[in-house]
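Please view the sequence and structure before reading the points below.

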Amino acid sequence: MQALWMVLGALIFATMGVCVKFASAWFSSAELVFYRGLIGIVFLWILARQRGVTLATRYPGMHAWRSLIGVVSLGAWFYAIAHMPLATAMTLNYMSSVWIAAFLVGGALLAWVPVPGRDGRAPRPPLQGPLVLTVLVGFGGVVLMLKPSVEGSQGFAGMLGLLSGLTAAFAYMQVVALSRIGEPESRTVFYFAVGSAVAGGLGTLVGPSTPFSEWTWGHAAWLLPVGVLAALGQLCMTRAYATAKTESGTLLVANLQYSGIVFAAMYSVLLFGDPIDATGWLGMALIVASGIAATVLRQRSLPKAPAEEH
């Protein structure tokens, strides 16, 4: 069942990406972040109330930092979805595991830098060969994916897509820190929704265009599923991790999140007619493979890490 929960969560997040793609025809990325946060606040407040989880926290600073970097990731991702093929934008956002591996490699390399006063005979950590290979394969996949698809104005969107994956890695590490001190995930996601509403509202008000777009009920119909599907997708992923009782089960669940890239590719081709040539498919496959490898290596050091968000 944990595998089915994760696949369902991945499908829901990919479907949310479709709604974001359609909604971006009438709403800016900042507006979409605002509405997703606003809808998420209501949905998660009701959920927390039903579960008897209090929303008061003793760690407002940690939640504020998690919300800040999470909102940057979310806004960059929504912009990439609006201006790039859906499959490309989704894949770049799923690079968070590869970015975490890159951070670990960087930390290992820094430990080898000579430091005055440090005993040169002290043992140094290994250079993490498998992680290095994982990172190289992942960024090789990025090059293959972006080369056939990024043209003209899509170059900036591609950079923001990479930024969304990078900041998602930072946000995930903060989520891990919050889970270790006992913060319920529903509380963490609720404060992220609050941060999204505040930041999205401010970004819309100070933006270069008209603060809030004029819309009809037909346009607004795409907003509700963006917020609801985001919350449902996160709940499915959380349920998948909660029902995985063994280490192998947890690894299976963590790796099945990449099925979201497959669903996004199917949506991209069937709904939007986005062309994906052999090079693009190869790049996508390399990113999936490197993400799975990075997830396996990460789970060894973080065996009880919470679910990722997308």
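Helix 2 crosses helix 10 in a right-handed sense (right-handed if the near helix is turned clockwise from the far one by less than a right angle, left-handed if anticlockwise). The model is predicted: local features need pLDDT of at least 70 and side-chain atom pairs count only at pLDDT 80 or more, while totals for chains, interfaces and linings use all residues. Residues are numbered from 1 along each chain as its sequence is written, and side-chain values use heavy atoms, with hydrogens and water left out.

**Helix 2 and helix 10**

- The axes of helix 2 (residues 29-51) and helix 10 (residues 223-243) come within 8 Å and cross at roughly 50 degrees; axes are lines fitted to C-alpha atoms, for helices over the stretch in contact, with angles from 0 to 180 degrees between N-to-C directions.
- Helix 2 is therefore oblique to helix 10 (under 35 degrees is roughly parallel, over 145 roughly antiparallel, 65 to 115 roughly perpendicular, the rest oblique).
- Helices are DSSP runs of H or I with at least four residues, numbered from the N terminus.
- Residues of helix 2 in the contact (heavy atoms within 4.5 Å) include Tyr35, Arg36 and Phe43, and those of helix 10 include Gly227 and Leu235.
- By class, this contact has 13 nonpolar, 1 polar and 2 charged residues (Ala, Val, Leu, Ile, Met, Phe, Trp, Tyr, Cys and Pro are nonpolar; Asp, Glu, Lys and Arg charged; the others, Gly among them, polar).

**Ser268**

- Ser268 belongs to helix 12 (residues 259-272).
- Ser268 has a relative accessible area of 0% and is buried (under 20%; exposed is over 50%, partly exposed in between; 1.4 Å probe, protein chains only).
- Beyond neighbours within four places in sequence, Ser268 contacts Pro85, Leu86, Ala87, Gly273 and Asp274.

**Val253**

- Val253, in helix 11 (residues 247-256), is buried at 0% relative accessible area.
- Val253 and Thr243 are 10 residues apart in sequence, with their C-alpha atoms 9.6 Å apart.

How values were computed: Helices (H or I, at least four residues) and strands (E, at least two) are DSSP runs, numbered from the N terminus.
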